[in-house]
Amino acid sequence: MTEKKTNFIRDIIDEDLKTGKFDNRVHTRFPPEPNGYLHIGHAKAICLSFGIAEDYSGAKCNLRFDDTNPTKEEQEYIDSIIEDVKWLGFEWDNLCYASDYFQQMYDFAVDLIQKGKAYVCDLSGEEIRKTRGTLTESGENSPFRERSIDENLDLFERMKNGDFPDGSKVLRAKIDMAHPNLNMRDPVIYRILHAEHPHTGDKWCIYPMYDWAHGLEDSIENITHSLCTLEFEDHRPLYDWFLAELETYRPQQIEFARLSLNYTVMSKRKLKQLVDEKFVLGWDDPRMPTISGLRRRGFTPESIRDFAERVGIAKRDSVSDIALLEHCLREDLNKRTERRMAILDPLKVVITNYPDTKTEELDAINNPEDESAGGRKIPFSKEIYIERADFMENPPRKFFRLGIGREVRLKHAYYITCNDAIKDENGEIVELRCSYDPATKGGWSDDGRKVKGTLHWVDISHAIDAEIRLFDRLFSAENPDAEDDFRNAINPDSLTTIIGKIEPSLKNAEIGENFQFLRNGYFCVDKDSTAEKIVFNRSVGLRDSWAKKNKN
RNA sequence: UCGGGGAUCGUCUAAGGGUAGGACACCUGGUUUUGGUCCAGGCAGUUGGGGUUCGAAUCCCUGUCCCCGAGCCA
């Protein structure tokens with residue numbers, strides 16, 4: 001987390017502040033549609049708009065639900081969005097709903113009709129599409145375009161009163177059917193929808209379209225800089241046109257490139273599909289790029305905000321590397337998490353020269369990056385587990401771990417030397433016989449003897465079983481969107497569940513708590529944990545230059 | 001094809017007439033009771049072609065490529 005980077009949007013705000021364009025106010029907003037859970041791409045937008053409000057003195061940012069389409073929106077999504085924004089650590093100045101302005105929007109529409117700039121059109125959806133023209137040919141005027149103002153007023157009111165069925169009529173702005181920007185070809189601004197709305201119930205049966213609603217929301221809330229993604233660039237002329245025609249306050253819309261990440265998908269539609277079709281456990285599945293998924297995975301708000309900072313804001317399309325997100329997490333967790341020992345793939349070790357019934361309490365430091373984290377005691381006795389991968393019968397060059405006749409350090413404990421490997425009838429190693437050097441307690445020797453490897457371990461008699469969920473990327477293709485069907489790119493091995501052996505101090509770990517399991521990675525306690533069974537998610541592995549070296 | 005945007009190391013992002021810089025990734029080496037962290041170093045870029053200029057990533061001309069747009073979605 002270095003110092004705040006600037007970007008072209010902040011440059012514009014700086015300039016506006018210099019010229020006094022908005023009376024030196026800065027007021028942004030984050031306007032999600034509650035039709036799904038927020039994802040890391042939204043986090044970027046949240047950090048942008050809320051971040052500006054945090055950094056400019058006196059600046060504000062609203063959280064506003066763009067709830068103009070009751071057929072797709074749900075209270076569950078509203079709740080999750082509120083939780084996610086809070087969790088990221090942002091505070092809004094006003095919590096707003098577009099639906100709170102439905103009456104004002106209606107009045108504005110009446111105003112537009114009275115100005116002769118809007119009309120009720122009886123064309124069907126199909127007919128509207130056909131008469132809109134194409135990218136290269138202009139459209140043709142609706143036969144209803146020249147209705148009188150009085151007739152339009154009457155019809156629109158009756159639309160509002162529920163006199164007409166869904167789809168039978170719309171209100172359209174009267175602009176220019178030959179406009180090269182399709183959005184300006186008499187866009188629909190109200191449609192009839194007899195649907196139950198999460199906030200207004202059945203009060204309304206006509207609902208405003210995005211283009212009509214959004215600018216009005218911004219204007220009503222006195223937003224100064226309305227930040228949105230690139231695909232709305234073509235809508236800006238319409239945004240400006242409406243507010244100009246209505247002669248009302250006009251904020252400035254600025255577009256930036258949305259966040260894309262490799263090895264994942266980011267559209268709410270596709271994420272919803274993954275949930276609905278049970279490819280994942282839910283919106284908060286730790287493999288999902290949703291904020292709730294990342295939270296459950298063990299990400300911290302700080303790491304996500306740092307990531308948003310580092311990817312920056314620009315206008316060119318880009319795909320950020322998931323490795324950067326992981327880096328931000330590791331960097332944050334390295335500083336703050338306590339170390340623990342856990343064995344993911346246990347191999348029994350018997351220390352033959354250690355007293356049969358003795359148990360020692362050894363001192364272990366909690367976090368070498370943070371002295372204030374203190375230490376803890378860990379039990380040690382004759383039988384322990386180590387990682388299966390930490391022993392090799394025929395070790396290659398540069399293998400620093402255990403082998404027959406090799407000596408290594410057990411972290412915080414003793415040096416041990418392996419004397420024998422015991423195999424079962426299938427030839428699989430089931431146990432190691434080692435001897436320890438009592439003079440190396442704590443992991444030091446006085447004689448200057450060096451060991452190259454240090455292993456983590458867990459005492460068998462005190463070990464606790466834990467369910468450990470190891471995640472791999474959800475998609476095996478770098479760009480799942482490029483597939484014919486993104487579901488074909490789903491990685492069948494994205495979740496591996498194992499039973500690991502963890503040190504006893506982890507017994508009372510709380511849900512959501514993060515740890516570094518020495519040499520294994522960062523893990524956090526999943527909400528599925530119970531009194532009988534603790535469940536850990538691997539948030540991200542440690543960097544592993546040994547594994548990397550041996551890849552090929 | 002019409003309109004709107006955009007092209008800088010592998011990736012993301014700075015520099016907007018004056019030494020193309022940072023981060024991630026990757027590669028070396030050092031330190032280390034985590035093959036982690038940390039430290040030092042390295043690799044690597046201005047979309048092509050013209051022009052203006054003492055000097056161009058930046059200004060001009062001209063190509064090329066990419067993205068968005070024809071929902072009663074947002």
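View 1. Cys 418 has Cys 434 of S18 as its bridge partner. The two elements here are strand S17 (residues 415-423) and strand S18 (residues 429-437), antiparallel to one another and joined by eight bridges. Strands (E, at least two residues) and helices (H or I, at least four) are DSSP runs, numbered from the N terminus. This is a predicted model, in which local features need pLDDT of at least 70 and side-chain atom pairs count only at pLDDT 80 or more, while totals for chains, interfaces and linings use all residues. Residues are numbered from 1 along each chain as its sequence is written, chains are lettered from A and ligands numbered from 1 in the order in which they are written, and side-chain values use heavy atoms, leaving out hydrogens and water.

**View 2. Zooming out, S17 and S18 belong to an open sheet of seven strands.** Read across, the order goes S19-S16-S17-S18-S12-S15-S20, with mixed pairing. At the edges are strand S19 (454-455) and strand S20 (458-459), each pairing on one side only; to pair, two strands need at least two DSSP bridges between them.

**View 3. RNA strand B is surrounded by 68 residues.** Val 311, Arg 339, Gly 442, Gln 516 and Arg 519 are the closest of them. Being near the strand takes a heavy atom within 4 Å of it. Helix H12 (322-336) is one of the elements supplying at least two residues of this surface, and H12 gives the most, with four. Of the RNA atoms within 4 Å of the protein, 64% belong to sugar or phosphate and the rest to bases.

View 4. The side chain of Arg 191 has an N or O atom 2.8 Å from a phosphate oxygen. Gly 167 brings a backbone N or O atom 3.0 Å from a base nitrogen, and His 412 places one of its own 3.3 Å from a base oxygen.

**View 5. The largest nonpolar core has 46 residues.** A core is a set of buried Ala, Val, Leu, Ile, Met, Phe, Trp, Tyr and Cys residues joined through side-chain atoms within 4.5 Å; buried means under 20% relative accessible area (1.4 Å probe, protein chains only). Ile 9, Ile 40 and Phe 50 are among the members touching the most others. Helix H2 (40-55) is one of the contributors, and H2 gives the most, with nine residues. Apart from this core lies another, of 37 residues, including Tyr 101 and Trp 212.

Note on methods. A polar contact is a pair of N or O atoms within 3.5 Å; within protein, one must be able to donate a hydrogen and the other to accept it, and residues adjacent in sequence count only if both atoms are side-chain atoms. Buried means under 20% relative accessible area, exposed over 50%, partly exposed in between (1.4 Å probe, protein chains only).
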